[in-house]
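User: I would like a close look at one part of this model, followed by a walk through what surrounds it. Please keep it short and clear.
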Amino acid sequence: MSARPFAALTRVREAIGSTLSPTRQEALTRLVALGLPTPRDDAFRYTNLRLLERRDLTPGPTAPAAWPADLPIGAERLVYVNGRIDSAVTRLPSAVEVTTTSDAVATFSDAATDRIRLWNAALRDSHTTLVVPRNTQVALDLVFVATAGGAYPSLTIELESGAELALIEYHVGADDAPETVTAAVLELRLAAGAQLTHTLVQCAPAAAVIIGDVTAHIGRDATYRHRSAVLGAQLSRFDLTTHLEAPGASTALSGLFLADRTREHHLRTWVHHAAADGTSDQRYRGVATDRGRGSYDGKVVVDVGANGTNSAQSSKNLLLSAEATIETRPQLEINADAVKCAHGATTGSLDEQMLFYLLSRGLDRETARAVLTYAFLGDVLTDFPSAVRKAVETRALGRLPAADLIRGFVA
Amino acid sequence: MNTLQRGDVILDIQGLTADVAGRNILKGLNLTIRAGEVHAIMGPNGAGKSTLSQVLAGRPDYDIKGGTATYMGEDLLALAPEERARRGVFLGFQYPVEIPGVNNVYLLKAALNARRRQQGLDELDAFEFMTIVREKMKLMKMDESFLKRGVNEGFSGGEKKRNEILQMTVLEPTLAILDETDSGLDIDALKIVSTGVNSLRRDDRAVVLVTHYQRLLDYIVPDYVHVLAGGRIVRSGDRTLALELEARGYDWLIEGSSAA
């Protein structure tokens, strides 16, 4: 560690502090005093952000939006470039109501995750709220492009009762993009009976750092589904908090990460059953190879009175090299009755019996290993929209040896 | 490879000794298999039957301590499992593993093309391949849903065994080793599996049936029956030996094993 944690924040304050509003200056000053989370904060136990020290956290410039052509990004989309909405390429569905505010900083605690939100609030361009009106169905793609410096998108999406939203979130950038840093904060509010399906594809360039904070408030009989494919960047960290706030609320979280080379992918989930008869399901798969690192830190809390809760949690991980690491911590805290909870996490290497079976059928070792790795990840890909799945498969395959040979194996 | 004549030696095992997890299981086993022959290897539990099958297929965690196994003139034990498969050695597993997410038919296609490349043949295109698979599936009375499923994924015990035999009939190995393929099969499935195995019998191939029960041999009539006990072949004979074993058990042979 360097002498002073997160001098990068001090540099931002020196560079642009005087241009910020008093509220933001105050927020930034407080953040400089608190510092960004470190592994000493329990919530960041597995995530070390010290590589941010050397990076420029100043909000990046306006720049043209661009993304890989094969991503199935639709015409109705909300595009951020370096944390700023790019209105030239953004088109929102007509049913959606939009409000944008520039300067409201909420009250944040000193907790690690709140410090990420404080960071975002101090440096963001603006905060946008989208409302999907009652009983309407909307599809929207959310594109985060990072080309230089820091990016601090901040977005709230509210679904009124009975509203449905299919949201696909992409993290992208040009392949030669420098060491960008994104800290995105997304708040989701689901009224009674609302349904939100949130797909996240993190395929950022190799030098990027992506920090994502998602908080979902789930109302009565509402459903929040989140599935993520985390493939790119140098380091990515997602915090996923779901509050099941009214009876019958449900959430299903799933996803995969592939940490090759020296990449790091960290996920923290916090599922909060605050009301009766809620359902939550978590299904994660992680693969680390070369010197890749990953973690799954998942906590389920069942409050007093949240009777009839049904919760499942599974994290399965695969280590493909001796220098790769994956850490897991599934946690369960139950304070209610008549609760059904299952949880577990495993980390291991490829199954030797499966490997021998494939070899005994004449597959070469490299192909056999790649096929098994891919099949392992593919298990959570089945829920993805097919066009997104294809884009994810192409990228995941590209990271594995013998890509062409294994393409057909997973039909 | 196509020049094998009935009676040519396919596999010659001499003095094979192997350990499993530090325990000596095979203790100097001798066995010669010739083209056109079906051999049944019988014996009590723990005699080393499955170890022999797995050793011949190249299972990596089994330690060869001594002896030789020569397959078509090559040192079999020096070949990696995938090289053995491509040269025509097929193991039908006693407990075929489930591999979720890996397509059953695609594996079969990759396996067949790996074998064909080794034989200097062109890879089959999708249509030619499916024609063969559909024909063999009909023989094995397997329905279309098998094509879409993961390798053995959610298969019953009987379905897994039929899938092994389906793979065998498509791959047309020179040497098929079937490890207790009959265990856990009802009589109908046993007949189907036997039809599959019998369809493979040819002058330039050989089949080794590892089995606990004589019952299978009513449907696949072997040329030779061997008793494997204490890590060695202690008695060899024709199919009447299997009937004798059924009547008398193994004890009379194990006591006299030094005679082998």
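Which residue's side chain meets that of Arg201(B) in a salt bridge, and what is the N to O distance?

Analyst: The partner is Asp223(B), and the N to O distance is 3.7 Å. A salt bridge here is a side-chain nitrogen of Lys or Arg within 4 Å of a carboxyl oxygen of Asp or Glu. Arg201(B) sits in the loop between α7 (187–200) and β10 (206–210) of chain B, and Asp223(B) in the loop between β10 and β11 (224–229). The two are 22 residues apart in sequence, so their pair ties together separate parts of the chain. Helices (H or I, at least four residues) and strands (E, at least two) are DSSP runs, numbered from the N terminus.

A word on the ground rules. Residues are numbered from 1 along each chain as its sequence is written, while chains are lettered from A and ligands numbered from 1 in the order in which they are written. The model is predicted, with local features needing pLDDT of at least 70, side-chain atom pairs pLDDT 80 or more, and totals for chains, interfaces and linings using all residues; side-chain values use heavy atoms, without hydrogens or water.

How covered is the pair? Arg201(B) has 29% relative accessibility, so it counts as partly exposed. Asp223(B) has 28%, so it is partly exposed as well. The cut-offs are these: buried is under 20% relative accessible area, exposed is over 50%, and partly exposed lies in between (1.4 Å probe, protein chains only).

Now take another pair in chain B. Arg202(B) forms a salt bridge with Asp204(B), and their closest N and O atoms are 3.0 Å apart. Arg202(B) is partly exposed at 44%. Asp204(B) is buried, at 15%. Elsewhere, in chain A, salt bridges that share partners join Asp42(A), Arg45(A), Asp297(A) and Arg329(A) into one network. Over all chains, the count comes to 36 salt bridges.

One of them is in chain A, between Asp239(A) and Arg237(A), with the closest N and O atoms 2.6 Å apart. Both of these residues are buried. Asp239(A) is also touched by Thr113(A). Thr113(A) lies in helix α3 (residues 112–123) of chain A and is buried at 13% relative accessibility. Leaving out residues up to four places away in sequence, Thr113(A) touches Ala43(A), Asp213(A), Asp239(A) and Arg268(A). Contact means heavy atoms within 4.5 Å.

Next, the place where the chains meet. Here 31 residues of chain B are in contact with 20 residues of chain A. The two chains bury about 2,000 Å² between them, 69% of it on carbon and sulfur atoms. That area is the accessible area (1.4 Å probe) that two parts lose on being put together, summed over both. The chains share one salt bridge. It joins Arg361(A) to Glu164(B), with the closest N and O atoms 2.7 Å apart. On chain B, each of these elements supplies at least two residues of the side that touches chain A: α1 (49–57), α2 (81–86), β6 (89–92), β7 (99–103), α3 (104–118) and α6 (157–171).

Look at α1(B) for a moment. Eight of its nine residues are buried, which leaves the helix mostly covered. Among the buried ones are Lys49(B), Leu52(B), Val55(B) and Leu56(B). Just after α1(B), Gly58(B) takes a positive phi of about 100°.

The whole structure holds six aromatic pairs over all chains. Tyr80(A) and Phe144(A) have ring centres 5.3 Å apart and planes at 40°, so this pair is tilted. It links distant parts of the chain, 64 residues apart: Tyr80(A) is in strand β1 (residues 77–81) and Phe144(A) in strand β5 (residues 137–145) of chain A. Tyr80(A) is buried at 2%, and Phe144(A) is buried at 6%.

Phe356(A) and Phe93(B) form an edge-to-face pair, 5.7 Å centre to centre, with 80° between the planes. This pair crosses between chains, from helix α4 (residues 352–359) of chain A to the loop between β6 and β7 of chain B. Both Phe356(A) and Phe93(B) are buried. With Tyr357(A), they form one aromatic cluster. Rings of Phe, Tyr and Trp (its six-membered ring) pair if their centres lie within 6.5 Å; planes under 30 degrees apart are stacked, over 60 edge-to-face, and the rest tilted.
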